Amino acid sequence: MSYGALSAAGGYVGWRMAHTWQPEGPKLGDEPTIKVADASRIEPAHQMLDPLADEGGFGRQRTEPGTQASDQAAYLQKIRDFDEVYPEDVILGVDQLAILKSTARRLTKAQRVIGHGHFNLLNFDNLLKYCRRYSSIGRFSQQELDLLEELFAADATDYGFYGEKVQTELTTEIAEKDTAKIADTGHFLFRGEAQTKYEKMRQDLDGGIFLTSGIRNVVKQMQLFLDKAVTTDGNLSQASRSLAPPGYSFHAVGDFDIGKVGAGLDNFNEVFAETDEYKKLVDLGYIELRYTPTNPFGVRHEPWHIKMKA
Ligand SMILES: [Zn+2]
């Protein structure tokens, strides 16, 4: 089943219509439906046509010089206050949000049946097999499947995520033989560079750090992204400022997250960068970040996310 076939069948009223999600390029006449806390902040539709133009020219040439500095400041402000709602955010309508929620619930049920560890590596076809086999998960409805396919097929720059797409197939497989299960974490790393780097870091820190997330295939990234989008009431832009959309996560190709033993949720905010463990890793030359405080990808600063692939 392909995204194109689904669109051609016309069986799904996609959010692209309501939210300027048109892979062939938005049309000027289409008013986007967006939901913001303060309606007076809604900007004209044309402001949404070229998100990169609003970000100080990252990756593209601006046509109007002169405002670059203020645009860049606004962009940096946005990734600093990543959890705010902005007028240009792309937000699902009520119907799509309901489908998103039921899809997220089904993914969570699947994870419960399959187990957190294995779920990280699971590919999409096998997910569907589990859904057919276990009534406690249940099959995805056509609308839920359409949502997953559309989300995966989408160009994330449409909602403000400018990172590279690293997985182009919804059904990408990750061979278990290429991975190593990391003891006591429930997570996996690719054998070779990633595993070696992690083990050396942990050894040099006397076991003071641990793996909080390793390899994530498309299905796991979908589950995380949908859960995030539920918490943002369907605001895909807000969700993507702190989590790569499915297909765009470098966790699929080698990156991993580390945390300080015993630090709990503080491993996922700026507090981590203040820990002795983090500072020591910096001193030892281990820290190469993908999402720096000034990254051009539209993502918050993630000091815990270790970059492996260039
Ligand atoms: Zn990460």
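This report walks through a predicted model of one protein chain.

## Overview and confidence

The protein chain has 310 residues, and 37% of them count as buried. Its secondary structure comes to 11 helices and five strands. Among contacts with a separation of 6 or more, 71% are between residues 24 or more positions apart.

How confident is the prediction? The mean pLDDT of the chain is 83. In all, 78% of the residues reach 70 or more. One stretch needs care. Over residues 1-66, pLDDT stays under 50. The model has 77 contacts beyond four places in sequence for these residues. Where pLDDT is low, the predicted coordinates should not be read in detail.

## A sheet of three strands

Strands β3, β4 and β5 form an open sheet, in the order β3-β4-β5. The pairing is antiparallel. β3 and β5 stand at the edges. Each has a single partner strand, so one side of each is left without a neighbour in the sheet. Strands of a sheet pair through backbone hydrogen bonds, either parallel or antiparallel.

Now look at the pairings. Strand β3 covers residues 209-213, and four bridges join it to β4. Ile 209 has Lys 260 of β4 as its bridge partner. Phe 210 has Gly 259 of β4 as its partner. On the other pairing, two bridges join β4 to β5, which covers residues 305-306. There, Asp 257 has His 305 of β5 as its bridge partner.

## The buried strand

Is strand β4 buried or exposed? β4 spans residues 256-260, and five of its five residues are buried, so the strand is largely enclosed by the rest of the structure. Both of its faces are covered. Phe 256, Ile 258 and Lys 260 are buried on one side. Asp 257 and Gly 259 are buried on the other.

Lys 260 is the partner of Ile 209, and Gly 259 is the partner of Phe 210. Asp 257 pairs with His 305.

## Helix α4 and its partners

Two packed helices are described by the angle between their axes and the distance between the axes. Take helix α4, residues 94-114, with helix α7, residues 142-153. Their axes come within 9 Å and cross at roughly 90°. An angle of 65 to 115 degrees counts as roughly perpendicular, and α4 and α7 are therefore roughly perpendicular to each other. In α4, the residues that meet α7 are Ile 99, Leu 100, Ser 102, Thr 103 and Arg 106. They meet Gln 143, Glu 144, Leu 147 and Leu 148 in α7. By class, this contact has four nonpolar, three polar and two charged residues.

Next comes helix α6, residues 124-133. The axes of α4 and α6 come within 11 Å and cross at roughly 85°. These two helices are therefore roughly perpendicular as well. α4 contributes Ala 110, Val 113 and Ile 114 to the contact, and α6 contributes Leu 127, Tyr 130 and Cys 131. Which classes do the residues of the contact of α4 with α6 divide into? Six are nonpolar, with no polar and no charged residues.

Ala 153 lies in helix α7. This residue is partly exposed, with 16 other C-beta atoms within 10 Å. Ala 153 and Thr 168 are 15 residues apart along the chain. Their C-alpha atoms are separated by 8.3 Å.

Conventions
Residues are numbered from 1 along each chain as its sequence is written. This is a predicted model: local features need pLDDT of at least 70, side-chain atom pairs count only at pLDDT 80 or more; totals for chains, interfaces and linings use all residues. Axes are lines fitted to C-alpha atoms, for helices over the stretch in contact, and angles run from 0 to 180 degrees between N-to-C directions. Angles under 35 degrees count as roughly parallel, over 145 as roughly antiparallel, 65 to 115 as roughly perpendicular and the rest as oblique. Two residues are in contact if their C-beta atoms, placed from the backbone, lie within 7 Å. Ala, Val, Leu, Ile, Met, Phe, Trp, Tyr, Cys and Pro count as nonpolar, Asp, Glu, Lys and Arg as charged, and the others, Gly among them, as polar. A residue is buried if 20 or more other C-beta atoms lie within 10 Å of its own, exposed if 12 or fewer, and partly exposed in between; C-beta atoms are placed from the backbone. Two strands pair if DSSP finds at least two bridges between them. pLDDT is the predictor's confidence in each residue, from 0 to 100.
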